[in-house]
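Please look over the sequence and the structure shown here before reading on.

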2 protein chains.
Amino acid sequence: MKHIKRFLGFTCIALCSLQSFSSFAYSEEETKIVAQLRDQALGSNLAYEILESLTTEVGPRMAGTPQDALAVKWGVEKFKALGFDKVWTEPVTFDTWIRKSEAAEIVAPFKHQLNITALGFSVPTPDEGIEAEVIHFNTIEDLIEAEEGIADGKIVFISRKMERFRDGKGYGPAVKARSTGAVEAARKGAVAVVIRSIGTDSHRLPHTGMMRYKEGIKQIPAAAMSNPDADLMLRIFERGKPVTMKLSLNSHAGPEYTSHNVIGEMTGSEFPDEKVIIGGHLDSWDLGTGAVDDGAGVAITMAAAKIIGDAKVRPKRTIRVVLFANEEQGLVGAKAYGKAHANDIANHVTGAESDFGAGPIYAFSSNVAADNMPVVHKMAKLMKPLGIEYVDNNAGPGPDLWPVYNAGMSVFSLKQDGTDYFDLHHTADDTLDKVKPENLAQNTAAYVVFAYLSANSEQKISR
Amino acid sequence: MKHIKRFLGFTCIALCSLQSFSSFAYSEEETKIVAQLRDQALGSNLAYEILESLTTEVGPRMAGTPQDALAVKWGVEKFKALGFDKVWTEPVTFDTWIRKSEAAEIVAPFKHQLNITALGFSVPTPDEGIEAEVIHFNTIEDLIEAEEGIADGKIVFISRKMERFRDGKGYGPAVKARSTGAVEAARKGAVAVVIRSIGTDSHRLPHTGMMRYKEGIKQIPAAAMSNPDADLMLRIFERGKPVTMKLSLNSHAGPEYTSHNVIGEMTGSEFPDEKVIIGGHLDSWDLGTGAVDDGAGVAITMAAAKIIGDAKVRPKRTIRVVLFANEEQGLVGAKAYGKAHANDIANHVTGAESDFGAGPIYAFSSNVAADNMPVVHKMAKLMKPLGIEYVDNNAGPGPDLWPVYNAGMSVFSLKQDGTDYFDLHHTADDTLDKVKPENLAQNTAAYVVFAYLSANSEQKISR
């Protein structure tokens, strides 16, 4: 299949050089329009203004909280205020989790308060807390390989530190401790698990995030401590004395709740049913105001569509901005979207999600049929002045585009510099002051180029 | 007086060039010894090990808490373990303040939890908290100049942000809001004051620190919010709607307590009663582990004295390391030391305190009689390889040396790069991971040079 694709791509490139004069003139005109819109986006403060509005007027918006409903209302009103042609919501139903108080301290051999946070969907401790000896594992793999019963009656501490990379590749290997730590610790007899936060910073602000239980394995409380607290724990363990911790978590499961995906469209001029999907997720964790995760993605894609929508020449196809509900607790909005639009996937020509913070975009990749390469090349040419290089045709979808990608939609990946992303991710520090307006503008410009050219391509993009 | 001093200095420099051969040989030998000790300190991890011990085994040590007593015990044991010739404690008595829970939220026009901390010695709010409209002032000066009754029944918010400088000169102008905010707000009728933290960082970690009430002015609760929270407040105020806040502080005054200055000496070989004073303060605020404020000063000066004490050739005079009690809540240990040693000030030949974090030293200044300049020049020569320049003869004392300075003791100031100091100062983020071992070693090397040469000078240093 790959060979055929490559051959077709080659043929196409040859054919494209034989394009008619009228098509050439059209292309020249389109390039001019897109370059102008790109530069307009680059000089625009719109994305920052949208983000400022969301983080100030709504703030944290954890799925199922009153701020979730407020964010949906905000999304609808903002789309309308920006003059989107169509604005609507689609229901997304899920189980909720309610955060209450959380505290931990080292009781022996030295007393220390720890800065911790409960992991999403952790069960609570008993009201009086859990006081137990702590057993330390460097990694989740070490815990899995340890003997049965090794953690009987103990609190498991996993200390692996996430590594910093521009593309965030340190996250995958580290996050296993968060998602599966409680299950693996319980398998070894533990009464609770406390991990080093999955984050690259050195601040006393723990990182929350989802954890999972497994049918048939005892559900034990799970929390994360800040990096400096984990460093302290290691120094205490180095002294070779038994370490005792007291842990109190009161968070618990809540009732079922229905939130909404919020959708806004700028209608295409020739093929209004065919659409290019851009967006981010509207929910955030509750500790910060969700500026980089994922207010930035919401703001960038809303601004890009608005700038295209206001252009003198509308692209042929529709640009649909989807603000997904409840990404954080399991891509629930994305799955609902995939289900609701299962019969319309053929009209979802391509898409890109912005959900990796607010750093500048340095590269992009595509995942399209070989005969779509001319539009990719055009894109590359118009992205270049933004400092963005084309990488390859192996793009994966953003988290919320998995369901439509799995249903066959082509995707693009606009790669943000995430060097600092995991300093802020899921912490109280995820606030507007961390976002540089000029980076948001560069992102918006890149989404303008991507969305306009994808929506306006002569040939309908496919995978 | 200044002219005479300068003349004497000039004469001395002339005389010094006529020094006898034996004195010259002595000086050469001394230079060799000090250079060797300096380089030994530069390669030593001792200060870092001391700091690691203090922050791990004691941690936060706010005056009057159980950790205060633990720190005193730690200080005595550490001096003894390091082989100091004399180790003792001197009582320091003061009123205490007990931190309990603290919370604040913006209630209207948008709901937001704020990350705040009570200021030291703030009175509590009523149990049910205070809910009131917020009135915003850019600066404490604006508040002072405002009309009577302007804040009647309101919570005053002061938003001035501290500026970042290498020498920390942004602190003085900004800290007035913290120390006098409650008094000035109460004068205008306010029910509470909440300031932007006195700090240069952008993290959700508020900075605590002392505030003061004034006889005859109503005592109102006082707190500080983190910088990102203050930024958010300003954005909310920009919308022009009334802002309501709820504030709950439960901290309160506690009983009188007696802590101790902890003192260790390396006895001089010729004039054991004459001493050079180095040190820092042993107490810290309670939010972090007091690594940079002032564990670093404790560690640097203990290590420097230890390295000198172990040298083959002891300096003529004694090196006294003083770990002052309760600096944070009013230089209480320093005042007690000044009082206890009032009759011995003549034997305090000179001193330098380390209490500005753990950044590298880039300059030093002296405040000595003009005929002491030869030792200052010798010092400058031996400091230079550490990247330290001599500035002038106008040094002020470190905070804890004010009482002995006021009694006439000469002082030196070893100036640390404090660019990042107020990112951490009085926050939960003041932890060991912020300290670079190589910077502590450079500081130790500088204190070795200063203390050895001061203690060993031919002429007794005076002011």
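Domain bounds, as used here, come from an automatic or database domain assignment. On that basis chain A is divided into domain 1 (2-95 + 256-456) and domain 2 (100-250). This is a predicted model, in which local features need pLDDT of at least 70 and side-chain atom pairs count only at pLDDT 80 or more, while totals for chains, interfaces and linings use all residues. Residues are numbered from 1 along each chain as its sequence is written, and chains are lettered from A and ligands numbered from 1 in the order in which they are written.

**Domains of chain A**

- The C-alpha centres of domain 1 and domain 2 of chain A lie 36 Å apart.
- In chain A, 18 residues of domain 1 are in contact with 18 residues of domain 2, where contact requires that the C-beta atoms of two residues, placed from the backbone, lie within 7 Å.
- On the side of domain 1 of chain A that touches domain 2 of chain A, the largest share, three residues, comes from helix α12 (residues 421-424) of chain A; helices (H or I, at least four residues) and strands (E, at least two) are DSSP runs, numbered from the N terminus.

- Strand β11 (residues 271-281) and strand β13 (residues 348-353) of chain A pair in the parallel sense over five bridges, and A:Ile278 has A:Ala352 as its bridge partner in β13(A).

**Strand pairing around β5 of chain A**

- Strand β5 (residues 130-137) pairs with strand β9 (residues 244-249) of chain A in the antiparallel sense over four bridges, with A:Leu247 in β9(A) as the bridge partner of A:Ile130.
- β5(A) also pairs with strand β6 (residues 155-158) of chain A, in the parallel sense over four bridges, and here A:Val156 in β6(A) is the bridge partner of A:Ile135.

**Contact between chains A and B**

- The contact takes 20 residues from chain A and 20 residues from chain B.
- On the side of chain A that touches chain B, α3 (46-57) and α7 (227-238) of chain A each supply at least two residues, and α7(A) gives the most, with five residues.

Notes
Two strands pair if DSSP finds at least two bridges between them.
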